[in-house]
Amino acid sequence: IKSALRAEDINTLGRLAHNLKGLSMNFSADPLSNLAIRLEACGREESLDGASLLVEQMEKEAVRLQEYIDDEPMNHQLVEHALQPLGCKISFAEDGTSGIAQARTLKPDILITDVMMPDINGYEVTRQLRRDPQFAGIPILVLTAQSGLQDKLQAFESGADDYLSKPFEAAELAARVSALL
């Protein structure tokens, strides 16, 4: 979209905006789809007036993918509720092994992991992902019921970027995720 805008290629801009509108609607990203509709209208009207501003707003509204690994389905609901205001798409995994596999497939923008899980713990999930170059820059937040100093230190030593203890306040989790993104 940016290339079409720089080249002042109105037809391509309109076509790409139309495609983005469909994709963002599929992910229920209403703010992004509304901006894409307005940008598509610029293409139909053959006018670039306001298109640059719309593209800037679209970048801010782009859907972020988050992955949450926790063996307790109730915690999935709590995290989903807490992060809903951010407009992120969240994928869930119920154990460390499937969480790592899913992360490698989906390449999330941020990963949140519990520590105590049946197969491998969250520290090991973090260590394994940090050894993979494609996850070097992806923020990892450890979200766990363990709240001791040694637990926090172990999370950071394994490569976590942040740590939050359960129970958590929804606004705090959202703020930490926003800061990491």
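Me: What makes N19 partly exposed rather than buried or exposed?

Reply: The model is a predicted one, in which local features need pLDDT of at least 70, side-chain atom pairs count only at pLDDT 80 or more, and totals for chains, interfaces and linings use all residues. Residues are numbered from 1 along each chain as its sequence is written, and side-chain values use heavy atoms, with hydrogens and water left out. N19 has a relative accessible area of 40%.

Me: Where is N19, and how far is N19 from S33 in sequence and in space?

Reply: N19 belongs to helix α2, residues 10-26. Helices (H or I, at least four residues) and strands (E, at least two) are DSSP runs, numbered from the N terminus. N19 and S33 are separated by 14 residues in sequence and by 9.9 Å from C-alpha to C-alpha.

Me: How many helices and strands does the protein chain have, and in what order do they run?

Reply: There are nine helices and five strands in the protein chain. Starting at the N terminus, the order is α-α-α-α-β-α-β-α-β-α-β-α-β-α.

Me: Why is E40 called buried?

Reply: The relative accessibility of E40 is 11%, which is under the 20% limit, so E40 counts as buried. E40 is part of helix α3, residues 30-44. Contact means heavy atoms within 4.5 Å; leaving aside neighbours within four places in sequence, E40 is in contact with G14, A17, H18 and K21.

Me: Why does S91 count as buried, and what is S91 in contact with?

Reply: S91 has 12% relative accessibility, under the 20% limit, and therefore counts as buried. S91 sits in strand β2, residues 89-93. Apart from neighbours within four places in sequence, the contacts of S91 are L65, Q66, E67, Y68, Q102 and L106. Between S91 and Q77 there are 14 residues in sequence and 11 Å in space, C-alpha to C-alpha.

Me: Why does T113 count as buried?

Reply: The value for T113 is 0% relative accessibility; this is under 20%, so T113 counts as buried. Strand β3 contains T113. Once neighbours within four places in sequence are set aside, T113 is in contact with I69, G122, V125, T126, I140, L141, V142 and L143.

Me: Which residues of helix α7 are buried, and how do you know on which side of α7 they lie?

Reply: In helix α7, residues 122-131, the buried residues are G122, Y123, V125, T126 and L129. They cover an arc of only 160° around the axis, which puts them on the same side of α7; the arc is that of the directions from the helix axis to the C-beta atoms. An α-helix has 3.6 residues a turn, so residues three or four places apart point the same way.

Me: What do the buried residues of α7 pack against?

Reply: Their packing partners are β1 (65-69), α6 (96-106), β3 (110-113), β4 (140-144) and α8 (149-158).

Me: Where is P167, and what is the peptide bond from K166 to P167?

Reply: P167 is in the loop between β5 (162-165) and α9 (170-180). The peptide bond from K166 to P167 is cis, with omega near -5°.

Notes. Buried means under 20% relative accessible area, exposed over 50%, partly exposed in between (1.4 Å probe, protein chains only).
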